[in-house]
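My notes follow in the order I checked things.

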Amino acid sequence: MTPADVDGMRNHALRASWVATVVASVLALASPVATSIDGVAGAATPVPVAAVSPLYAAPGPLASAEAPSAPRPAEPTGNMLVRVPRDLAVRANPSPDASVVGTMPNGSKYYDVPVTAWVEEVSPDGRWGRVEIPYVWPRRHGWIALGDLARRTTNVEVHVDLSEHRITVTRSGTVVFGMPAATGATVSPTPPGEYFVTDRIGFSGGSLGTFAFGISGIQPKLPPGWSGGNQLAIHGTNDQSSIGRSASAGCMRVSERSLDRLKPLLQLGTPVIIVP
């Protein structure tokens, strides 16, 4: 793939997700050493794609310089997402004295993309957020101190129904669109759970299609002899006949047309909920 091809892919992703009120937040991403998303040896070299997201809001009250008569902005709705600027201790309970049960990394495990985490629940005092700990098995949740973490919200969710081999995207609880997907084969079933998008990766085609959304989960039951990595993802495929069947190593495979519809919506941190 030539530099011109890479530039074209990036520009296409930016144009598709751009809105007038959105300010670009370009992430400096490191190139991976090997394919880790449901890939195979010799797969095309992945190209991290910058995600364009709304600005993260700094926590705290309105600036004192604001006129007293100015209306206070409406409380944000939807799922809270937080930028993780450093590795954070994940605790068993929302307390600084609770035992540490894991780490929320500041970069994704395989592509070193800066992590934006989905906060599934906020403590009554607003100081702690319950999160999925990425890349661990068995799956574990815990609490991180929200403190000075920059945050934003999203109304977009991805729902994967393994029994139906189907992915549904919702916005504020309303279905936007759905699509058939290949899911894990009998020997390598896709593990259900609550995850979030950690990577947006472009490819030049092949077994992964042209794009992959890496998520925060891993596959604990890889097929015998598998060497393509254990990260779960939603990605394309060069085997269209597998779509709609239990056929993958654990990832969700979709068509190129479906990828084009997902790219503007699935930003870093977007919740991905997989049910049996």
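This is a predicted model: local features need pLDDT of at least 70, side-chain atom pairs count only at pLDDT 80 or more; totals for chains, interfaces and linings use all residues.

Strand β2 covers residues 79–83 and runs antiparallel to β9, with four bridges joining the two. Another of these pairs links Leu81 to Arg152 in β9.

I then turned to β5. It pairs with β2, again in the antiparallel sense and over four bridges. Here I found Arg83 opposite Thr116 of β5.

Putting the strands together, I wrote down an open sheet of three strands in the order β5-β2-β9, with antiparallel pairing. β5 (116–119) and β9 (151–154) each have a single partner strand, so these two are the edges and one side of each has no neighbour in the sheet. From one strand to the next, the twist averages 35°.

I also checked how enclosed β2 is. Of its five residues, four are buried, so the rest of the structure largely encloses β2.

Last, I looked up Ser242. Where does Ser242 lie? I found Ser242 in the loop between β16 (231–235) and β17 (246–248). Is Ser242 buried or exposed? Its relative accessibility is 1%, and buried means under 20%, so Ser242 counts as buried. I listed its contacts, leaving out residues up to four places away in sequence: Ser242 touches Ala182, Thr237, Ala247 and Arg253.

Notes
Residues are numbered from 1 along each chain as its sequence is written. Side-chain values use heavy atoms; hydrogens and water are left out. Two strands pair if DSSP finds at least two bridges between them. Axes are lines fitted to C-alpha atoms, for helices over the stretch in contact, and angles run from 0 to 180 degrees between N-to-C directions. Buried means under 20% relative accessible area, exposed over 50%, partly exposed in between (1.4 Å probe, protein chains only). Contact means heavy atoms within 4.5 Å.
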